[in-house]
Amino acid sequence: MLQEIVAQLENSGIKPSVQRIKIFEYFLQNKNHPSAESIYLELKREVPTLSKATVYNTLGLFLEKGLVQIVASDQYHARYDLVEMKHGHFICLSCKEVYDFPYQYTEKYSGLDEFEIQSEEITIKGICKSCLDNMNNI
Ligand SMILES: [Zn+2]
Ligand SMILES: [Zn+2]
């Protein structure tokens with residue numbers, strides 16, 4: 001696992017420091033679309049020398065190198081996710097939870113013939129099932 005992370009960082013042109021490795025590992029192990037704040041709070045226990053600035057800088061670097069993307073943000077928090085083509089996002093407008101759903105790019109888009117698509121994001125917004133259930137139970 002560690003060697004794969006180091007290789008992946010190096011392939012993206014990132015020098016694999018301990019902090020960067022930890023943060024990348026966090027993304028691989030937690031599919032919860034964390035904010036910078038929650039990554040900091042989680043990893044601080046394990047890496048006491050970690051600073052908030054390092055987390056923000058590392059996320060900025062990962063963004064720049066295309067390893068992570070911002071999937072949802074409100075006025076206070078950006079939420080991050082690994083860049084993977086294999087899933088779309090459903091954002092609940094009530095609880096702000098971000099759900100993954102399997103999604104495979106298969107179709108060609110009309111109007112984009114002979115264009116080269118390099119990335120694709122699917123974001124659907126609405127109310128999630130558990131919020132709907134809560135509303136119906138009132
Ligand atoms: Zn919800
Ligand atoms: Zn996701």
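Six residues of domain 1 are in contact with five residues of domain 2. The model is a predicted one.

Me: Which residues does the domain assignment give to domain 1 and to domain 2, and what distance separates their centres?
Reply: The assignment puts 2–82 in domain 1 and 87–137 in domain 2. Taken over C-alpha atoms, the centres of the two domains are separated by 23 Å.

Me: How do the residues on the side of domain 1 that touches domain 2 divide into nonpolar, polar and charged?
Reply: Six residues of domain 1 make the contact with domain 2. On that side of domain 1, the residues divide into two nonpolar, one polar and three charged.

Me: Is helix 1 roughly parallel or roughly perpendicular to helix 2?
Reply: Helix 1 covers residues 2–11 and helix 2 covers residues 18–29. Their axes lie 10 Å apart, at an angle of about 105°. Angles of 65 to 115 degrees count as roughly perpendicular. So helix 1, relative to helix 2, is roughly perpendicular.

Me: Which residues make the contact between helix 1 and helix 2, and how many of them are charged?
Reply: Helix 1 contributes Ile 5, Val 6 and Leu 9. Helix 2 contributes Arg 20, Ile 21, Phe 24 and Glu 25. Five residues of this contact are nonpolar and none is polar; the charged ones number two.

Me: In which sense do strand 3 and strand 4 pair, and over how many bridges?
Reply: Strand 3 spans residues 87–92 and strand 4 spans residues 98–102. Ile 91 stands opposite Val 98 in strand 4. The pairing is antiparallel, over five bridges.

Me: Which residue in the turn between strand 3 and strand 4 has a positive phi?
Reply: Strand 3 and strand 4 form a hairpin, with five residues between them. A positive phi of about 70° occurs in the turn, at Lys 96.

Me: In strand 5, which residue is the bridge partner of Cys 92?
Reply: Strand 3 pairs with strand 5 in the parallel sense, over four bridges. Within strand 5, the bridge partner of Cys 92 is Gly 126.

Me: Which strands stand at the edges of the sheet?
Reply: Three strands form an open sheet with mixed pairing, in the order 4-3-5. Each edge strand has a single partner strand, so one side of each is left without a neighbour in the sheet. The edges are strand 4 and strand 5 (123–126).

Methods. Residues are numbered from 1 along each chain as its sequence is written. Chains are lettered from A and ligands numbered from 1 in the order in which they are written. This is a predicted model: local features need pLDDT of at least 70, side-chain atom pairs count only at pLDDT 80 or more; totals for chains, interfaces and linings use all residues. Axes are lines fitted to C-alpha atoms, for helices over the stretch in contact, and angles run from 0 to 180 degrees between N-to-C directions. Helices (H or I, at least four residues) and strands (E, at least two) are DSSP runs, numbered from the N terminus. Angles under 35 degrees count as roughly parallel, over 145 as roughly antiparallel, 65 to 115 as roughly perpendicular and the rest as oblique. Two residues are in contact if their C-beta atoms, placed from the backbone, lie within 7 Å. Ala, Val, Leu, Ile, Met, Phe, Trp, Tyr, Cys and Pro count as nonpolar, Asp, Glu, Lys and Arg as charged, and the others, Gly among them, as polar. Two strands pair if DSSP finds at least two bridges between them. Domain bounds come from an automatic or database domain assignment.
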